[in-house]
Amino acid sequence: MSMTAQLEARGISVTLGRRQVLQDVDFTANASSVTAIVGPNGSGKTTLLRAMTGEVAHRGQVCLNGHDVAKMQPWQLAAIRAVQPQSSIIAFPFTVFEIVRLGLSAGLSAADNTVPMQALEAVGLAGFAGRMYQDLSGGEQQRVQLARVITQVWEPIVDGTPRWLILDEPVASLDIGHQFTVMDLARGYAARGGGVVAVMHDLNLTAMFADEVVLMEAGRVAATGTPAEVLTDETLARTYGCPVPVNTTPPAQIPFLLPQARSTLKARNALAARSS
Amino acid sequence: MVDRRLRARRLTVLLAVLLLVVCVLSLTTGASGASLWRALTDLAAGRELSVMDRVVLLDIRLPRLCMGILVGASLAVSGAVMQGLFRNPLADPGIVGVSAGAGLAAISAIVLGSLLPIGLQQFLGSALVPIAAFFGGWGSTMLLYRVSTRGGQTSVATMLLAGIALGALAGAASGVLVYYSDDNQLRDLTFWGMGSLAGATWTKVLAALPIIGLALATAPFLARGLNGLALGEAAAGHIGIAVQRVKNISILAVAGATGAAVAVSGGIGFIGIVVPHLLRIATGPDHHSLLPNAALLGATLLLAADMIARVIVAPAELPIGIVTAILGAPVFLWILLKRRGDLGL
């Protein structure tokens with residue numbers, strides 16, 4: 001892979017009203033990996049994402065695969081980068097299929113009419129194509145938007161250059177099962193060579209699925225590295241202002257769920273199936 | 001799964017046939033006894049048309065028919081484009097004051113046109129009023145968009161209220177101008193303001209044709225952009241749409257189509273809201289089919305309304321604006337009530 005298979009932001013500063021929301025932030029995400037942006041409310045994670053997608057005015061430079069995005073046309077960007085919004089109200093009664101198809105016209109897979117259906121299946125919405133978008137639940141709408149977004153950049157690599165999925169809290173209003181569906185999808189995209197950048201709230205899912213974590217605090221980057229490097233007792237306690245012990249089991253009477261344990265569960269089930 | 005695109009294409013064919021039928025009916029309906037069939041048989045037999053038939057058909061009904069098609073199509077398409085631009089099914093040039101702005105400019109042109117340099121007056125000729133109305137429509141659309149849209153979000157309440165203010169202001173200014181008009185101009189204004197195709201002449205048709213033609217011709221190129229805008233401005237940008245350009249062209253197209261329509265026919269309301277709404281129910285909101293189908297259905301509906309207006313109190317005739325309001329106002333209220341929840345009203 002070439003040296004420029006990166007999403008790279010340098011010296012990003014954003015001022016909203018009088019408040020400086022981001023101060024001189026540097027950010028790098030590599031293709032073939034999932035990069036999560038985490039941090040407490042108001043730390044600037046979504047603003048950083050929006051600065052990099054050009055939705056908020058900012059100082060500094062953003063390069064995608066080595067090209068300055070400020071110098072690219074909307075359709076050039078749309079061909080290599082798709083952005084999932086945090087929430088989306090749609091003005092008119094479009095069907096699910098019509099929404100997902102909007103992603104087709106932007107991307108390079110435009111000729112392939114089967115992509116929207118495959119994308120719907122990938123987000124767990126097979127059979128929803130004819131439904132009205134407005135009649136769906138929040139979580140379902142969110143997955144329709146994700147299907148639209150992956151339709152746009154369906155092939156993770158085109159002509160040797162990676163394409164990018166930029167996701168703003170992709171699992172925010174999803175149940176735990178669909179959180180896995182979506183994160184597995186993101187992982188799979190990265191495994192096939194594409195780049196994934198996601199703003200995440202859930203630190204457990206981040207630990208499970210991210211290759212790189214960028215921890216934001218008060219408009220600056222507090223830490224970057226692998227989940228093991230960033231998600232430590234000390235760093236989390238300092239950034240979030242409350243104790244968040246890592247890899248510690250709670251007292252016995254409180255139930256707790258560890259999604260990470262699903263690999264253990266799979267192994268155990270496989271073992272049971274073999275012995276019976 | 002039913003693909004609504006296929007249904008929309010079938011509807012296009014159906015609407016084209018319907019328009020053709022209404023055109024024929026419109027040519028044969030009227031106060032005079034002139035008959036299209038007699039004229040056609042005369043022509044087919046190689047006979048000269050009678051003077052009466054020639055005047056009624058070629059100089060009265062045919063320009064009126066063309067005007068009806070132009071005005072109906074432009075009102076419906078500018079309604080659909082405006083609704084796409086504002087991401088709101090209630091945005092209609094008549095309701096939010098764009099027609100009033102265009103009307104003010106048209107009245108100014110009628111009353112104050114004689115103050116322009118003679119050379120310019122002669123150069124513009126009968127195109128002066130449509131051109132003025134275009135600029136009036138453009139100015140008011142821009143103003144409305146600026147007032148009601150912040151950070152890419154259009155507030156419905158602000159849009160409707162700003163529209164009322166804009167309409168009232170334009171109405172007041174128009175009223176002042178009426179005081180400055182002489183008897184001849186007053187007569188022109190009165191007939192114009194009633195909203196009618198009755199004054200249709202070939203001169204007016206030819207004056208409106210270039211502006212309306214241009215505005216309607218740009219509409220198909222807006223379809224993808226308006227579909228994208230339905231997702232929101234940011235999302236539209238991310239799927240590769242040059243959002244600012246789409247907005248600018250939409251505003252120009254709305255101003256052109258509305259302005260020219262208002263200039264030649266006065267205030268004909270509700271076509272712009274009823275037609276796109278019915279079509280969205282029938283085949284969905286995809287602008288690729290919505291815009292051409294709106295042109296066809298708008299023309300058909302206006303011609304039909306014009307026939308009703310001519311027939312119902314014959315030999316006199318009702319201003320067509322009254323007929324479209326009777327048909328359209330209940331639909332507007334219906335949308336308002338049905339969507340009250342979503343619109344935050």
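Predicted model: local features only at pLDDT ≥ 70, side-chain atom pairs only at ≥ 80, totals over all residues.

Residues are numbered from 1 along each chain as its sequence is written, while chains are lettered from A and ligands numbered from 1 in the order in which they are written.

**Stop 1: chain A.** Select chain A and switch to cartoon. You'll find ten helices and twelve strands; helices are DSSP runs of H or I with at least four residues, strands are runs of E with at least two, and both are numbered from the N terminus. Its C-alpha atoms fill a box of roughly 55 × 55 × 40 Å along the principal axes. The radius of gyration of chain A is 19 Å, which agrees with the value near 19 Å for a compact globule of 276 residues (taken over C-alpha atoms; the rule is 2.2 Å times the number of residues to the power 0.38). Of those 276 residues, 45% are buried, meaning that 20 or more other C-beta atoms, placed from the backbone, lie within 10 Å of the residue's own.

**Stop 2: helix α4 of chain A.** Select residues 115–122 and show side chains. A:Val115, A:Pro116, A:Ala119, A:Leu120 and A:Ala122 are buried here. Look down the axis of α4(A): the buried residues fall within an arc of 160°, so they line one face of the helix (the arc is that of the directions from the helix axis to the C-beta atoms). After α4(A) comes A:Gly124, with a positive phi near 75°.

**Stop 3: where the chains touch.** Now show both chains. The contact takes 23 residues from chain B and 24 residues from chain A, counting residues whose C-beta atoms, placed from the backbone, lie within 7 Å. On the chain B side, α10(B) gives the most, with four residues.

**Stop 4: α3 and α11 of chain B.** Select residues 51–86 and 243–265 of chain B. These helices pack at an angle of about 150°, with axes 9 Å apart (axes are lines fitted to C-alpha atoms over the stretch in contact, and angles run from 0 to 180 degrees between N-to-C directions). Among the residues that meet are B:Met67 and B:Val71 from α3(B), and B:Ala261 and B:Val264 from α11(B).

Note on methods: Contact = placed C-beta atoms within 7 Å. Buried ≥ 20, exposed ≤ 12 C-beta atoms within 10 Å, placed from the backbone.
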